[in-house]
Amino acid sequence: MRPGWRPFSFLLGFGFLIFSLSCAVAADPEMDRLLRSPIGKDWVTNGGNLTNSRYSTLKQIDTSNIHKLKGAWMTRLKGSGVGGKYSFEASPLVKDGIMYVVTGNDDVFALDAKTGAIIWEHWSGIDQQISTVCCGWVNRGLAMGEGMLYLGQLDANVVALDMKTGKVAWKTPIEQWQNGYGITSAPLYYDGVIYSGITGGEFGVRGRLTALNAKTGEIMWRWFTLPGPEDIGGETWPAGTDHAMRGGATIWNTPALDPELGLIYFAVGNCGPDYDGSMREGDNLFCTSIVALKAKTGEYAWHFQQVHHDIWDYDAASPVVLFDTVINGEPRKGIAEAGRTGWVYILDRTNGKPLIGIEEKPVPQDPRQKTAKTQPFPVGDATVPQCAELLPGYDAAGCIFTPFWETPVLIQPSGLGGTNWAPMPYSPDTGYFYVPGTIRSSAFTRYSDKYVKGLRYTGGGQSAPIDSPMFGTFTAIDAKTNKIAWQHKTPYRLGGGGGSTVTAGGLVLRGEPDGNFLALDAKSGKELFRFQTGFGADAPPVVYEVDGTQYIAIATGGNSLQGSAYGDAVWVFSLNGQLGPLWPPPPPPTVAGPTGAIAAGVDAIKIGGGNVEYSFAPARTRIKAGTTVTFSNVGDIPHDATALRLGDWTTGALAKGESKSVTFSKAGVYYYICTPHPWMYGQVIVE
Ligand SMILES: [Cu+2]
């Protein structure tokens with residue numbers, strides 16, 4: 001042995017001792033233990049535990065007795081987040097008999113999980129004028145630890161509340177909403193750190209994961225999803241330009257974390273500008289990717305890109321799911337994510353390599369869009385159709401990865417489909433993922449767009465043709481093969497809101513946009529239970545236990561993008577519940593286009609009124625030829641009215657309070673949309 005090794009090894013040993021001491025004093029060891037454990041009595045983080053698998057080990061309620069389920073309680077949250085501009089998608093958290101839930105207005109309520117009585121409430125007081133909300137006012141949930149609750153707000157603040165009182169403990173802006181940023185994802189708490197994503201992919205932002213000290217709110221590190229020229233991935237953007245600095249790549253959902261591997265995982269959203277790839281030649285990392293970082297330091301570990309050089313708004317927006325499996329007799333550590341492409345991407349979470357197989361295949365090219373030569377095609381089945389039919393009035397239709405330029409091209413998947421923000425659970429009993437999907441065609445077009453800080457920057461648009469069908473699928477995907485085990489066609493689009501949860505009692509639990517809460521047999525898909533909640537049921541359920549009784553909870557408050565009935569209710573079910581169903585609310589639309597009665601002779605159309613924001617009122621009007629119609633923005637964010645077919649007119653962007661008039665001289669049926677919010681439809685019938 002060489003001299004000099006001894007003091008060196010002594011120093012090493014000493015360093016190790018300090019390190020283990022600092023590990024031993026975890027800030028909240030009980031919470032860390034619950035987060036690492038299978039999901040039991042408490043539901044302590046958005047995805048149930050660090051895996052995001054949403055698999056509850058509770059089995060008092062099972063396939064044999066689910067038919068006896070009734071409402072245990074239903075509580076209205078005092079009008080918080082009620083209105084067409086909001087979505088209620090949060091997973092309630094439950095710990096020690098208390099439920100914590102956040103609404104689309106970032107308001108937080110603590111409820112007695114047994115009775116539904118409100119214990120405290122925290123009103124966010126959030127600025128109602130935020131003009132950079134992309135896709136409805138929504139908050140997907142909370143995190144908890146160290147006696148605090150954590151939430152990300154639409155104004156890009158991360159906030160900590162005292163769990164006992166709801167009082168603000170700290171508040172950290174991780175960006176400014178005026179620059180296009182916001183937060184809609186539930187944060188993740190683990191080992192003294194809060195991890196938060198950020199939104200703004202439609203506003204030319206630079207996406208990032210932010211790690212904050214859970215005790216103080218201090219920002220510890222940031223990892224940018226868009227690399228600088230010298231960073232890993234920097235070569236996938238054109239040299240000498242700064243397009244990467246406004247390339248979107250936001251994080252829409254809660255990360256997962258593997259404490260043994262020391263890695264944090266998350267899905268990254270679409271590239272910006274969404275539909276114009278002409279100036280950003282290259283694969284554009286880390287848009288539409290699954291990324292793994294070292295959880296302590298934020299150092300890059302690996303990535304897998306689902307769509308190269310995205311021009312279709314094909315986010316990876318659903319939370320990543322960690323699962324363990326056996327393939328060819330070998331135990332493997334898996335990670336999976338359901339994409340907007342309609343595929344589930346299944347990888348080895350130690351290294352990011354495909355676990356089952358994903359092939360790079362040549363795809364159609366358009367040099368103007370600088371399309372990638374190949375795209376990844378996962379082995380197995382897609383959960384939604386990936387080709388669009390040609391419809392009257394359109395020149396072109398194509399399949400997934402078909403490019404487009406200024407002439408509209410019909411493509412599937414589109415809109416919120418295949419799977420958007422909704423979570424996908426995994427059951428170790430069945431070995432299935434449960435995947436919600438949206439089926440809809442849209443016409444994609446590219447136009448040139450100028451980047452202005454804080455304004456929309458999408459470089460094109462997509463809208464579903466008038467009267468074209470919109471519906472969904474709910475699919476069990478076998479994790480060993482990536483093939484469909486069973487599939488239901490659903491009357492409404494799934495995968496925007498919603499999502500499901502699976503239990504050791506053999507049940508898959510989910511809401512339906514028409515207000516129904518459903519329980520299915522996890523193995524066969526057979527529907528076992530259906531209960532009308534009275535409001536759009538577009539949130540993923542959670543499962544918990546208090547005093548020996550198992551409960552199932554779901555937030556029912558509708559969804560602005562689905563058009564499901566809004567409200568402010570939390571429903572909780574149990575086997576000894578006493579409450580029956582409510583009257584069904586109006587169902588969401590199943591074809592694209594304007595809805596509602598045709599107003600006679602109305603020539604003043606309000607945009608964004610009545611707290612609905614994403615609407616024209618009246619949406620349909622019948623007028624005489626030669627009438628001048630005035631469009632007025634009475635909402636909070638910029639809107640427009642732009643011809644969809646027949647004619648070529650637009651009001652241009654109207655800020656709050658602005659109006660513009662359009663004269664309709666010729667008879668005909670004129671459809672229009674709001675270009676930043678293409679799910680807003682209007683119709684002028686001219687006679
Ligand atoms: Cu709009």
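Is Cys135 buried or exposed? Select Cys135 and take a look: its relative accessibility is 15%, so Cys135 counts as buried (buried means under 20% relative accessible area, exposed over 50%, partly exposed in between, with a 1.4 Å probe and protein chains only).

Before going on, a word about the model. This is a predicted model, in which local features need pLDDT of at least 70 and side-chain atom pairs count only at pLDDT 80 or more, while totals for chains, interfaces and linings use all residues. Residues are numbered from 1 along each chain as its sequence is written, and side-chain values use heavy atoms, with hydrogens and water left out.

**Stop 1: the disulfides**

A search of the whole structure finds three disulfides, and with bonded cysteines counted along the chain they follow the pattern 1-2, 3-4, 5-6.

Next, select Cys271 and Cys287, whose sulfur atoms are 2.1 Å apart in a disulfide. This link is right-handed, with 90 degrees about the S-S bond. Both Cys271 and Cys287 are buried.

Then pick Cys387 and Cys399, a disulfide with sulfur atoms 1.8 Å apart. The link of Cys387 and Cys399 is right-handed as well, with 100 degrees about the S-S bond. Cys387 counts as partly exposed at 40% relative accessibility, and Cys399 counts as partly exposed at 30%.

**Stop 2: the nonpolar cores**

Now select Met99, Tyr150, Tyr195 and Tyr544. These have the most contacts inside the largest nonpolar core, which has 105 residues (a nonpolar core is a set of buried Ala, Val, Leu, Ile, Met, Phe, Trp, Tyr and Cys residues joined through side-chain atoms within 4.5 Å). Not counting residues up to four places away in sequence, Met99 touches a list of residues including Trp73, Phe109, Tyr544 and Val572 (contact means heavy atoms within 4.5 Å). A second, separate core of 30 residues includes Trp312, Leu322, Ala382 and Phe404.

**Stop 3: a hairpin**

Thr325 stands opposite Arg332 in S20. Two residues lie between the strands of this hairpin, where Asn328 takes a positive phi near 50 degrees.

**Stop 4: the copper ion**

Finally, which residues coordinate the copper ion? Select His639 (ND1), Cys674 (SG) and His677 (ND1), which coordinate the copper ion at 1.9 to 2.2 Å (donors are N, O and S atoms within 2.8 Å of the metal, or 3.2 Å for Na, K and Ca; water is not among the atoms, so sites may look incomplete). Along the chain, the donors follow the spacing H-x34-C-x2-H. His639 counts as buried at 1% relative accessibility, and Cys674 is buried with a relative accessible area of 0%.

How values were computed
Pairing = 2+ DSSP bridges. Helix = DSSP H or I, 4+ residues; strand = E, 2+ residues; numbered from the N terminus. Disulfide = S-S within 2.5 Å.
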